[in-house]
Amino acid sequence: MHNLILLFLIPIGSILGASIDKPTQDNSKDINILKMSINAVKIIDGKKNINNHQKKSNLNYNLISNDRIKWDIIDSQNTRNQSPLIWEKIKEEDFDLDLYKETEPKKPINIKEGLYTLWDINYREQIDASLLKIGNAIPTANTLKEGDLKISFGQISPIKAGYAGGTGNQNYLGLIDYGITDKITISGFYTHSDDPLHKKINNLDVQPSNLWVSYGAELKLKTKLSENVNIALQGSIEKWDVKSGGCNLYRCTSKSNNIFNSSKNEVKNSNLIGSLSSPITWNITNPLEITLVPKAVFLPDKQGNNDGEGSFYGNNFGIGLGIAYKPLPKLKSFSSVYLPIAGENSFDENLNFKKVGIYTTGIRYSLDPRITFESYISNGFGKTSSTGILSIPSANDVLYGGRIIYTPTNVASRKIKRKYENLNVFSGLSVSSPSIINTGKRRIRSSLNGMGSWWNRLDINVSNLFSFDFSVNTVNQNSQNTNVLSTKYHNPYEAMARAGGTALLFSQDRGDFLTSSFRLSAGRARGWGWLFAESLNSYEINNHLKMNLNPKYAWSGFGDAASLGASLNIVLTPGIVFIPETNIPLKESDQNWTIAIRFIPFKNKHIDIYTTNSLSFMDIGQFFKSEDQSFGLSVGSIF
C-alpha cells in the first residue's frame, strides 16, 4: 500500500507533572480525525523516507513495530496538489484493525500506540511555540503555522499607582493572531485606557483626564535567510483615538484641563497611525533565540481643537534587540529593549517630550498547549505595534503587565476522571470549589434571593486545566458596613458584569495531596475597576466530606479588601449535600455566612436552597455583609 496518508487530531494527557500520560480508553473514544491540522504521517511500504524535519528533530518516527511499514513526518506543502481526502471519526473497534491484507497473515497495526506517539510529538511541539513578540515594542521574525489561532487578553499598570490612585493607570488589550500560511500571520487588536494622567501636571488647576483607544490590524511575512535565521516584514495600520480633558468616570459631567491648550474643553482626535519593521531572528541553539529589528512608527505631532493645539509625539525611528531563552519546556524567559534614534516617545509632568529607551523583561509559562500565561515588567505603556514604543503618559515609570494566551487550534489535555462526582462537579456559593469542568463543557449557575438580588455565571472550559467565566448580577440590598469600600461598591438594582479565568494547578484525582486552583477576575462597579483574586483549595477526606479554604483579595481605586473563605461539603445521602460556608474578614471586609442544602436530582443538575447574609455571591460581594438576612434558590447545570 503506497502513499496512504493518515492525519490525527490527538488529545493531550496530563501536563501537571514532568511525565506525559498515555491516552486512556475513554479518551480514545473521543479522537476525531476531522481536519488536517498538525502533523501528516505517511505510510511507505518497504522503504524509509527521512526528510529534513526528521533529521533536525532527531526523533524516531517509526511508530509501529513492523518490518515492512515505516512512519515519517512529511511536509504539508507536498500534499496540497493531491486529491481531497475524506475524514471520518475512528471507531473503537478500528484500533486493532489490520490495515492491509496479503497472502501471509501480518501482525495487526497498533493504532493506539501510533496515536499516542503522534500526540506526544504534537504536545512537545506546541508547548514549545516560538514568541511572536518580545514585549509590545519588539516583534520577532516568527510566524504561526497555517490555520493556527491565538486569542490573547492582557493588562498593564504602574507599580506605583500615581495620581490615579488604586490600581493606577491601566491599559487593556484584546488580540487575535491567525496563521494564513506557515509564512504569513495576520493580527487584529483593541486596546483601551481611560484613567487620568499618571503624574500631576504642573501649572494646571485640574488634573487632565486621558483616554487612549487603539484598534487595527497588522501583517507579518517571513522568509528564511539560512537554516537558523529568519527575516520578516511586519506592518500595522491603526486608528488611535486620543482624548485629553473632560471626564471619563462613570456618569461624570465635570470638566478638567487638557494638555494641548489652555481651555477646559476636551480635546478629542481620531488619528490614523502605523508602524513598519523588519525583524531578523537567529535561533542560536534550541533554547536561545536573538532578534534584531529596525522599526519606524508613524504618530501625529499635534493634537487640538477649535481652542488651539499642542505638541504630541510625532514620527519615530529606532532599533530594537530581543532575547528569548527556554530553561524548561513549559517556561520561557525574555528581555528586549527599543532605542529611539529619531523622534520622542515620552513626556513628563511639565509636558516636555523626550526620548527614552523602552525595556521589557518577563517570563511565559504554558499550563498546557492551549493555555499560556505571560508576566513582565516594562516601562512601555502602549500595547500595539505603534503605541508599544511609548511610556506611560506624563512619566517614565516601571509598569507590570500580564497576559493570557488561548490557542484553541492546539490539542487538548486529557479529561480528569473524578473519584467523587457529587463533591467535585459543582462549585460553592460564597466559597468556590477549585475543580473545573472538562474541555468543551459549559456550566451555568443562577441565583435569586427574597430581596430581589440575582446572580448569573457562565463557565466555559477551554482546557481540562483552565476555564473562562462571565458573571452578571444586581444587589438589591445595602451593605451593613459603612467603610469606603462597601459604600462605593454598588448601587441597588444596578447591573454589574465581570469576567475571569481559573487555572487548575493540583488535583487529588491525579495523585496530588490536595486540589488547588487560582482564579482572577476583573470588572467595573459604579465606574471603578475592581480586580479580584483567590486561591481555591480543597481536600477530599472521603466520598462524603470535602473541606475548602480560599484566601481572597480585591483591589480598587478606593482601597483593598481581603478575607478567608472556608466551607464544608457534606454528603448526607446520595443526591443531597449540606454546605455551610463563612468568609472571615482580614482587611476592610465583614464576616458573613451561608448555609445551603443542595439537591442533585439528575447527573450534572443541582438545586440549592440557602440562607445567607453575604451581600452577593459574585466576587467582591463576598467580602461584605448585607443589612438583612435573605433566603434564596440557586440552580446549576453542566452541558
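This briefing describes the cavities, pockets, nonpolar cores and salt bridges of the structure above. The model is predicted, so local features need pLDDT of at least 70 and side-chain atom pairs count only at pLDDT 80 or more, while totals for chains, interfaces and linings use all residues. Residues are numbered from 1 along each chain as its sequence is written, and side-chain values use heavy atoms, with hydrogens and water left out.

**Cavities and pockets**

- A search of the whole structure finds 10 cavities of 30 Å³ or more, a cavity being a set of points, on a 1 Å grid over the protein atoms alone, where a 1.4 Å probe fits but cannot get out.
- The largest cavity has a volume of about 360 Å³, where a volume is the space filled by probe spheres set on the grid points, which are joined across faces, edges and corners.
- Its lining consists of 28 residues, and Leu132, Lys133, Leu175, Asp177 and Arg403 lie nearest the centre of the cavity; a lining residue has an atom within 4 Å of a point.
- Among the strands that each supply at least two residues of this lining are strand S4 (149-158), strand S5 (171-181) and strand S20 (399-406), strands being DSSP runs (E, at least two residues) numbered from the N terminus.
- By class, the lining of the largest cavity has eight nonpolar, 11 polar and nine charged residues, with Ala, Val, Leu, Ile, Met, Phe, Trp, Tyr, Cys and Pro counted as nonpolar, Asp, Glu, Lys and Arg as charged, and the others, Gly among them, as polar.
- The second largest pocket has a volume of about 1400 Å³, a pocket being an open set with protein on both sides within 12 Å along at least five of seven lines.
- Of the 46 residues lining this pocket, Phe153, Gln155, Leu520, Ala522 and Leu531 are the closest to its centre, and strand S25 (residues 515-525) gives the most to the lining, with seven residues.
- The lining of the second largest pocket divides into 24 nonpolar, 16 polar and six charged residues.

**Nonpolar cores**

- The largest nonpolar core has 33 residues, and those with the most contacts inside it are Trp212, Trp240, Leu299, Tyr313 and Leu390; such a core is a set of buried Ala, Val, Leu, Ile, Met, Phe, Trp, Tyr and Cys residues joined through side-chain atoms within 4.5 Å.
- Buried here means under 20% relative accessible area, exposed over 50%, and partly exposed in between (1.4 Å probe, protein chains only).
- Leaving aside neighbours within four places in sequence, Trp212 is in contact (heavy atoms within 4.5 Å) with residues including Trp240, Tyr313, Phe381 and Leu390.

**Salt bridges**

- The count comes to 16 salt bridges, each a side-chain nitrogen of Lys or Arg within 4 Å of a carboxyl oxygen of Asp or Glu.
- Asp459 and Arg457 form a salt bridge with their closest N and O atoms 3.0 Å apart, and both residues are buried.
- Asp619 and Arg498 are joined by a salt bridge of 2.8 Å, N to O; because Asp619 lies in the loop between strand S31 (605-614) and strand S32 (625-638) and Arg498 in strand S24 (residues 496-506), the pair ties together parts that are 121 residues apart in sequence.
- Both Asp619 and Arg498 are buried.
- Asp560 forms a salt bridge with Lys587, with the closest N and O atoms 4.0 Å apart; Asp560 is partly exposed at 21% relative accessibility, and Lys587 is partly exposed at 37%.

How values were computed: Helix = DSSP H or I, 4+ residues; strand = E, 2+ residues; numbered from the N terminus.
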